[in-house]
Amino acid sequence: METKRQAIASSVLTLLAISCAAEDGRQEDGPPGWVAGLGYFVAPDPFVGDVERQDQVFPLVGYIGERLTWLGPSLSYRLIDRDDFSLSVELDLRFEGFDSDSESAALDGLIDRDSALEAGLEMTYGPFSLVAKTDVSSTHGGTAASLGFGDDWSLTDQLGFSVQADILFRDGDLSDYYFGVSPGEARSFRPAFEVDETLGYQLSADLAWRISDRALAFVGANYEVLDDDISSSPIVNQSRQLSWQAGFIVEVFR
């Protein structure tokens with residue numbers, strides 16, 4: 001299973017928060033522009049099998065501008081940007097599946113759960129955020145949304161800290177695609193299981209260090225509580241997931 005979704009998403013949010021926090025001291029220079037770096041993540045695998053944890057180094061390459069942001073698998077464009085309100089359109093990859101051929105024998109007989117391309121909107125108002133996205137790749141055919149509350153602080157001129165709590169909604173199509181078991185996939189040791197819409201909870205914290213005018217380092221952690229319907233699935237063996245990531249990014253040119 002690809003579990004980069006949390007690491008990459010948290011890294012994107014971290015780097016954007018760092019960019020905004022640094023903007024006070026860089027208003028004449030503007031946003032970073034083209035950036036490049038490396039990240040490292042450690043994340044659990046919630047599915048049954050022998051693999052309990054995944055870790056991987058991944059590149060961080062993209063562009064952070066006034067309105068357009070592209071970093072890794074995430075692309076967003078800010079339509080409205082005011083002091084306390086913003087509205088953006090977003091395009092993201094959801095890494096929440098698994099390749100049954102490359103995993104444990106416990107997943108034999110299951111069809112692959114593929115990554116999905118999702119598009120939607122993100123709205124922020126003060127410390128609150130609302131994100132809604134739908135599948136545009138005809139993979140799971142569902143919709144996801146999150147309602148968050150968070151803030152960030154400048155601890156020193158070089159250190160920034162941010163924390164956010166989110167309620168995560170997955171509709172029935174999305175939840176059942178990734179965590180359900182169809183009648184055709186059922187076995188004597190694995191009954192058929194249908195998952196309806198689900199609610200999960202996530203707490204994220206990130207620490208950013210500005211190494212120089214053009215270099216940033218970060219470390220972050222995410223703690224997610226899965227919905228009972230997901231954790232009760234015969235192909236899931238975890239109800240809580242703790243992941244963390246670290247890395248650095250360098251401003252290449254504007």
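Predicted model: local features only at pLDDT ≥ 70, side-chain atom pairs only at ≥ 80, totals over all residues.
A salt bridge, as the term is used here, is a side-chain nitrogen of Lys or Arg within 4 Å of a carboxyl oxygen of Asp or Glu. Across the whole structure, a search finds nine salt bridges.

The protein chain has 254 residues, of which 45% count as buried. Its secondary structure comprises three helices and 12 strands. Among contacts between residues at least 6 apart in sequence, 59% join residues at least 24 apart.

I now turn to individual salt bridges. Asp-92 pairs with Lys-133, with the closest N and O atoms 2.2 Å apart. Because Asp-92 lies in strand 5 and Lys-133 in strand 7, this pair ties together parts that are 41 residues apart in sequence. Asp-92 counts as buried, at 13% relative accessibility, and Lys-133 counts as buried at 13%.

Glu-96 forms a salt bridge with Arg-170, the closest N and O atoms being 2.7 Å apart. Glu-96 is in the loop between strand 5 and strand 6, and Arg-170 is in strand 9, so the pair joins parts 74 residues apart in sequence. Glu-96 is buried at 0% relative accessibility, and Arg-170 is buried at 6%. Both residues belong to a network of salt bridges that also links Arg-94, Glu-118 and Glu-224.

A further salt bridge joins the side chains of Arg-113 and Glu-185, at 2.8 Å from N to O. These two residues lie 72 residues apart, and both are buried.

Finally, the surface. Glu-194, Asp-196, Glu-197, Asp-228 and Asp-229 form a negative surface patch. Of these, Glu-197 sits in the loop between helix 2 and strand 10.

Technical notes
Residues numbered from 1 in each chain as written. Heavy atoms only, no water. Patch = residues over 30% accessible without salt bridge, like charges linked within 9 Å, V, L, I, M, F, W, Y side chains within 5 Å. Areas by Shrake-Rupley, 256 points an atom, 1.4 Å probe, with all protein chains shown as cover. Lys, Arg positive; Asp, Glu negative; His and termini not counted. Charge placed at Lys NZ, Arg CZ, Asp CG, Glu CD. Helix = DSSP H or I, 4+ residues; strand = E, 2+ residues; numbered from the N terminus. Buried < 20%, exposed > 50% of the residue type's maximum accessible area, 1.4 Å probe, protein only. Contact = heavy atoms within 4.5 Å.
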